[in-house]
Amino acid sequence: MQYKNVKLSKFESALFDMRMLFEQYGYSQYKVSKFEQYDLYAKNKAFLVSDNVLTFTDTTGHLMALKPDVTLSIVKNTVREKGLSKLYYSENVYRTHQGSQGFKEIMQTGLECIGEVDLYSTAEVLMLAAKSLKAVSSDYILDISHMGFISALLSENVPAEITKELLELISQKNSAQAESLLMEAGVSEKVKDAILALTSLYMPLSEALSSIEPLILNNNMQVAFDELKAIDSLMRIYGTENLYLDFSVINDMRYYNGIIFSGYIKGISDKVLSGGRYDNLLKRMKKEAGAIGFAFYLDTLEQLVNTSADTSVDILVIYDDRTSPEKVIDAMEKAVSQGKTAKASKSAENISSKETLDLREEA
Amino acid sequence: MADMINVALPKGRLGEKVYDIFEKCGFECPSIKEKNRKLIFENKEKGVRYFWVKPSDVAIYVERGAADIGVAGKDILLEYSPDVYELADLQMGKCRMAVAGKKDFRDDRTRTLKVATKFPNIARTYYNSISREIDIIKLNGSIEIAPILGLSDVIVDIVETGKTLIENDLKPFETIVPISARLISNKVSFKFKNAQITELAGKIAEYCAE
């Protein structure tokens, strides 16, 4: 099949590029229904991007929801096969947008890798995330963080009651306030300095590794560091660029562990891609397996300038009331059979075309 | 040539003081001092573009990326919790968010407390943290009049010197949180214009810490 006459919008071509990419690496498409029992979301509210869910009652009296998220459904429904399930999806989800009221239909595509996640598959997912961003623009950035590194650091006698506030401050890169919070809580100098160093850190991954190595205080931090280091060298083999280490990328520890990441594109003021390792979600669903994946928020591409579809046609056929319909059919079919785009219209207003065929007989 | 940095400044006295700091840190834009009604000023050489917006809107401009960085009061950041980076405390525009009421006010914990405020989220978070049941009355200005007329029991508002309160026979009780002006940055701009924003934020933080 050829689609040479269909002008794909940035949005559609990005979507097709990504699908092709995912299929090339052996990910198979996973379709989910639009509805899901509300229970699933009520139990895992903190996993959702926004906790507003559109609900309705179905004919049997069950409370149902229009999907705000696809990952939960995929995890719930994948019966664990031996090895690793590699899946991708592109679905509409329904949720409120940050800062605005009211629900939006959001086109989302993404992939999930569920089962025995190893170093190779982690690197593969990261590489695919970077390539997905690149499919839209080469001006992209993929920020990487490691929840294991942060939680191991926080296990060094940082009081549990300040953890939530502290993570919030780290995600805002608010070193000044984090410092006073840590001082008040009486956290040791060494741990405090390490946390503050992570808060303000923003560097290309390869360079950043040497600056976080001296911060390692315990074995779990070492494990996380080794993983980041291994990922860095694998990414170099892939030739993946624009990777940054940024600990302000933080996600809920109840669901995420290990590597997490976010993607950005120049000109879009929202995060366009978000993902990570979420073994803890599977544990909560009583499944013993690893999982890593990401979602790409296609709706954000609207913000890119020059993405409006080109509406011009090759041939504009103008006719009036006295032109016989046969003549219009004749002209149109001739153009279409030549593989051109044509539009029959009674007026030339607001239509741009390369050629104009005037069949008007009046005047 | 690198990209311009868009800076949203809060209109008014605080904004002018903030601009002076930017100027002293080497990001001057002389045209801003001319008396006219222009809203946008730029200095191509230094790579900065300033614009004046309503103080409570600064966070919105920055969150949505229309401005790369901006200066907003901690009160606004707490009330709207925008998704931005908070890079420095400018140590100016200092005041506090406090509970105030009539001088003879005594809290009767058997009743729901009526609270008038411009900051419903801050008030709700504070009273939730001390498990006090409240009824929030959202006002947009002249908050001090509410307890006098019996519209509310107390108010939650910004207290700078406390002079307005005293002149109206009111008295500040608890301080909820100290407030000052903060340098904020759009999260995506911070990544794509990292070198420029880090340099600027570093200079300003250093200047303000002195």
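Predicted model: local features only at pLDDT ≥ 70, side-chain atom pairs only at ≥ 80, totals over all residues.
Local features are reported at pLDDT of at least 70 and side-chain atom pairs at pLDDT 80 or more, whereas totals for chains, interfaces and linings use all residues. Residues are numbered from 1 along each chain as its sequence is written, and chains are lettered from A in the order in which they are written.

The domain assignment, from an automatic or database source, divides chain A into domain 1 (10–303) and domain 2 (313–362). The centres of these two domains, taken over C-alpha atoms, are separated by 52 Å.

Chain A contains an open sheet of 9 strands with mixed pairing, in the order E1-E5-E6-E12-E11-E10-E7-E9-E8. Strands are DSSP runs of E of at least two residues, helices are runs of H or I of at least four, and both are numbered from the N terminus; two strands pair if DSSP finds at least two bridges between them. Strand E1 (28–29) and strand E8 (203–204) of chain A are the edge strands, each pairing on one side only. Within chain A, strand E5 (residues 84–96) and strand E6 (residues 103–115) pair in the antiparallel sense over 13 bridges, and A:Tyr94 stands opposite A:Glu105 in E6(A). Helix H10 (residues 219–238) of chain A packs on the sheet and touches strand E7 (140–146), strand E9 (243–245) and strand E10 (259–265) of chain A. The direction of H10 makes about 155° with that of E7(A).

Helix H1 (residues 10–24) and helix H4 (residues 119–136) of chain A pack at an angle of about 150°, with their axes 9 Å apart. Axes are lines fitted to C-alpha atoms, for helices over the stretch in contact, and angles run from 0 to 180 degrees between N-to-C directions. H1(A) is therefore roughly antiparallel to H4(A), a term applied to angles over 145 degrees. Residues in contact (C-beta atoms, placed from the backbone, within 7 Å) include A:Met18 and A:Leu21 of H1(A) and A:Leu128 and A:Ala135 of H4(A).

In chain B, strand E1 (residues 5–10) and strand E3 (residues 48–53) run parallel and are joined by 6 bridges. Strand E2 (residues 40–43) of chain B runs antiparallel to E3(B), with 4 bridges. B:Tyr50 in E3(B) stands opposite B:Val7 and also opposite B:Phe41. E2(B) and E3(B) form a hairpin with 4 residues between them, and B:Gly47 in the turn has a positive phi of about 70°.

Between the chains, 14 residues of chain A are in contact with 14 residues of chain B.

Technical notes: Parallel < 35°, antiparallel > 145°, perpendicular 65-115°, else oblique. Contact = placed C-beta atoms within 7 Å.
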